[in-house]
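Hello,

Here is the structure I promised to pass on to you.

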Amino acid sequence: IGYNINSHLNHPELWAGNWSQLCTTCKIVKPWGAKHCSVTNKCVSRFDHYCPWMGNCIGKKNHRDFIAFLVLETAAMAVAFVVALGRLYSGGPIPPSFTTTGIIGFLVFDGTVLFPVFLLTCAQISQVLRNITTNELANLHRYHYLRNADGRFNNPFDKGIAENTYAFACVVENEADIQREHVMNTREMGDILGSSGGGGSGKEKDSSV
């Protein structure tokens with residue numbers, strides 16, 4: 001079966017002249033939010049970041065699992081910190097000095113790791129509620145779909161906290177539909193404005209004759 005490149009090029013993004021959405025490696029028009037990962041050498045839908053802990057990209061299909069991992073990890077480290085702290089200040093016989101030193105060392109290590117992981121968990125949950133990724137926030141200037149006609153920030157994926165949470169929990173893949181809808185509307189509006197401008201100039205010419 002031959003590869004029909006024309007069917008892949010028949011896309012509103014390319015009609016609108018947004019050739020940066022075309023991935024020449026994967027030979028696809030990237031949906032909004034997708035990014036070609038240089039580590040895995042693949043385009044990842046709703047690319048968030050590459051996670052060395054997981055040894056994989058965090059994207060549309062595994063973002064929910066990553067958030068669950070962060071929440072459970074944060075909870076486990078917080079419980080361990082509280083238990084160790086309680087053991088240190090519990091009544092009863094004074095524990096040996098090496099035990100006390102070990103507990104203090106654990107508290108320092110656990111607290112040092114817990115704080116940044118807690119912040120990461122909060123940041124990820126905040127982004128889920130706004131339906132935006134780490135990659136998009138870090139590269140706002142690069143993605144045209146995150147700006148409106150006035151150049152101000154506008155997130156087309158943000159449908160409110162409730163709908164954003166539902167889409168995340170159920171892994172709703174609607175990025176391509178949103179992309180086609182917005183690009184087509186923008187292109188059609190441009191055509192309408194262009195034809196109105198042309199019609200106006202023609203009328204002026206007729207009236208001047």
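Let me start at one ring: the charged end of Arg 46 sits over the ring of Phe 157, at 4.2 Å from its centre. For such a contact, NZ of Lys or CZ of Arg has to be within 6 Å of the ring centre and within 35 degrees of the ring normal. Lys 35 likewise lies over the face of Phe 47, 5.1 Å from the ring centre.

A word on the source: this is a predicted model, in which local features need pLDDT of at least 70 and side-chain atom pairs count only at pLDDT 80 or more, while totals for chains, interfaces and linings use all residues. Residues are numbered from 1 along each chain as its sequence is written, and side-chain values use heavy atoms, with hydrogens and water left out.

Now to the aromatic rings. The whole structure holds 5 aromatic pairs, where rings of Phe, Tyr and Trp (its six-membered ring) pair if their centres lie within 6.5 Å, and planes under 30 degrees apart count as stacked, over 60 as edge-to-face and the rest as tilted. One of them is the stacked pair of Trp 32 and Tyr 145, with 4.9 Å from centre to centre and 15° between the planes. This pair links distant parts of the chain, 113 residues apart: Trp 32 is in the loop between β2 (28-29) and β3 (35-37), and Tyr 145 is in the loop between α5 (134-138) and α6 (161-169). Helices (H or I, at least four residues) and strands (E, at least two) are DSSP runs, numbered from the N terminus.

Trp 32 counts as buried because its relative accessibility is 4%, and Tyr 145 does so at 6%; buried means under 20% relative accessible area, exposed over 50%, and partly exposed in between (1.4 Å probe, protein chains only). Tyr 145 also forms an edge-to-face pair with Phe 157, at 6.0 Å centre to centre and 65° between the planes. Phe 157 lies in the loop between α5 and α6 too, 12 residues apart from Tyr 145, and Phe 157 is buried as well. Together, Trp 32, Tyr 143, Tyr 145 and Phe 157 form one aromatic cluster.

Lastly, a helix for you to look at. Helix α3 (residues 63-88) has 26 residues and spans 37 Å from its first C-alpha to its last, close to the expected 38 Å, which is 1.5 Å times one less than the number of residues. Its buried residues include Phe 66, Ile 67, Leu 70, Thr 74 and Met 77.

Best wishes
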